[in-house]
Amino acid sequence: MIDIKLLQKDFDYVVNALQRKGVDNSLLNNLKTLATNTKQKRQEMEDVTAEQNLLSKEFGRYKKENLDVAELQENINNLKNKKQELEEQVRVLEEELTSIILGVPNMPDENVPSGADENENVILEVVGQKPTFSFEPKEHWDLNNGWIDFERGVKIAKSRFAALRGDGARLERALINYMLDFNRERGFNEWYVPFMANSNTLLGTGQLPKFADDLFKIEGEDLYLIPTAEVSLTNLFNDEILEESELPMLLTSYTPCFRKEAGSAGRDTRGLIRQHQFDKVEMVAITTPEQSSEIFEKMVNCASDLLTSLGLAHQKMQLCTGDLGFSAAVTIDLEVWLPGQNKYREISSISNTRDFQSRRAKIRYKDSNKKNNLTHTLNGSSLAVGRTLVAIMENYQNEDGSVRIPEVLKKYM
């Protein structure tokens, strides 16, 4: 959630930042009017409170000096009633303001390049060598090795569900274990977390209220299937005050992820790239503001090194303002080379949300001066397991459809 105090103090700065992210001007104008009215009404309430306190002190003096307090008492009662009316007006205005702000995205960092959409993202670095083949490489769904059973996945559930068998299932499991071990060796503490979350948890990381249509809701319960372990890991510390000495806190977890993919109709309808259920190993960091940029770089390098260890060529992509996620202030995507598709495809997304999620989830830390401050939160895929499976199938394929196993995974197989 953006800072309401900053909004009221420097509205033009906030507007300029949000305009870079494509926020509609009418929403911003409405926000400005509401923020101004709320600030004015709160100031009016504070003025009445100050006047009431002053008269209350006078009331004590009147009583001590045996003066007539009837008129003073009436003024105090009138101010009390007016204060109660103003408190209710401020409460209604602040609830309305908060409701709107919960739907407003995070402001991008100033150094994030401006752009309308993914076509204006910036390639930062290309890592590794693309493989060469003596034959025409196939897309993963055309490899005749029996690893993926789309038909039975659809029969069990519906479209965009798949079942893995044999070595495909074993490789999925091997990748999960390898990724968790890799992250643990980089200093990330492993967690096992619930695969469901309540509405307050999803509100904390920004999935609600804006992205309710993309979530699978549990009927009759205040529970949703999680779209990413970022939700569970970050909200482990919802409404908590941490000690500064505990930070930075680095976390990793494996979970399945569930998404309706409401905004992706017609995209990636074949294969494993865009499924309603997929496995992912996640990284999350809770930091002080001073630590977050360094930890952001550490997380990007961790995911990139993981891909390199698997022998997968990839590129680091700086997202422009038009392609940034709702909660992100800055994001770097890692895109892996898929020779069957002859293109790079996103396999990891590392984001620094600054204090946007912490303000929503009330995650704070106590500094050396015993003052409570908002933490920064960061999250990143490490990696999307299904897409990594796809990348291995396409990069390590043989002409007969069989797939070689990367050296680092052999002990897990």
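Biologist: Is the crossing of α2 and α3 left-handed or right-handed?

Modeller: In this predicted model, α2 and α3 cross in a right-handed way. Residues F11, V15, L18 and Q19 of α2 make the contact with N25, L28, L31 and K32 of α3.

Biologist: How many of those contact residues are nonpolar, polar or charged?

Modeller: Five are nonpolar, two are polar and one is charged.

Biologist: And at what angle do the axes cross?

Modeller: At roughly 160°, with the axes of α2 (residues 11–20) and α3 (residues 25–64) coming within 11 Å. Angles over 145 degrees count as roughly antiparallel, so α2 is roughly antiparallel to α3.

Biologist: Changing topic, where is H376?

Modeller: H376 is in strand β16, which covers residues 376–384.

Biologist: Buried or exposed?

Modeller: H376 is buried, because its relative accessible area is 9% and the cut-off for buried is under 20%.

Biologist: Which side chain does H376 join in a polar contact?

Modeller: That of S292, at 2.9 Å. Neighbours within four places in sequence aside, H376 also touches other residues, including A285, I286, T287, T288 and P289, as well as N352, R354, D355 and S358.

Biologist: What about A197, which strand is that in?

Modeller: A197 belongs to strand β5, residues 196–197. A197 is buried too, with a relative accessible area of 5%.

Biologist: What is A197 in contact with, beyond its sequence neighbours?

Modeller: Outside the four places on either side, A197 contacts L202, D222, L223, Y224, I226 and V231.

Biologist: How far apart are A197 and D222?

Modeller: They are 25 residues apart in sequence, and their C-alpha atoms are 8.1 Å apart in space.

Notes:
Residues are numbered from 1 along each chain as its sequence is written. This is a predicted model: local features need pLDDT of at least 70, side-chain atom pairs count only at pLDDT 80 or more; totals for chains, interfaces and linings use all residues. Side-chain values use heavy atoms; hydrogens and water are left out. Axes are lines fitted to C-alpha atoms, for helices over the stretch in contact, and angles run from 0 to 180 degrees between N-to-C directions. Helices (H or I, at least four residues) and strands (E, at least two) are DSSP runs, numbered from the N terminus. Angles under 35 degrees count as roughly parallel, over 145 as roughly antiparallel, 65 to 115 as roughly perpendicular and the rest as oblique. A crossing is left-handed if the near helix is turned anticlockwise from the far one by less than a right angle, and right-handed if clockwise. Contact means heavy atoms within 4.5 Å. Ala, Val, Leu, Ile, Met, Phe, Trp, Tyr, Cys and Pro count as nonpolar, Asp, Glu, Lys and Arg as charged, and the others, Gly among them, as polar. Buried means under 20% relative accessible area, exposed over 50%, partly exposed in between (1.4 Å probe, protein chains only). A polar contact is a pair of N or O atoms within 3.5 Å; within protein, one must be able to donate a hydrogen and the other to accept it, and residues adjacent in sequence count only if both atoms are side-chain atoms.
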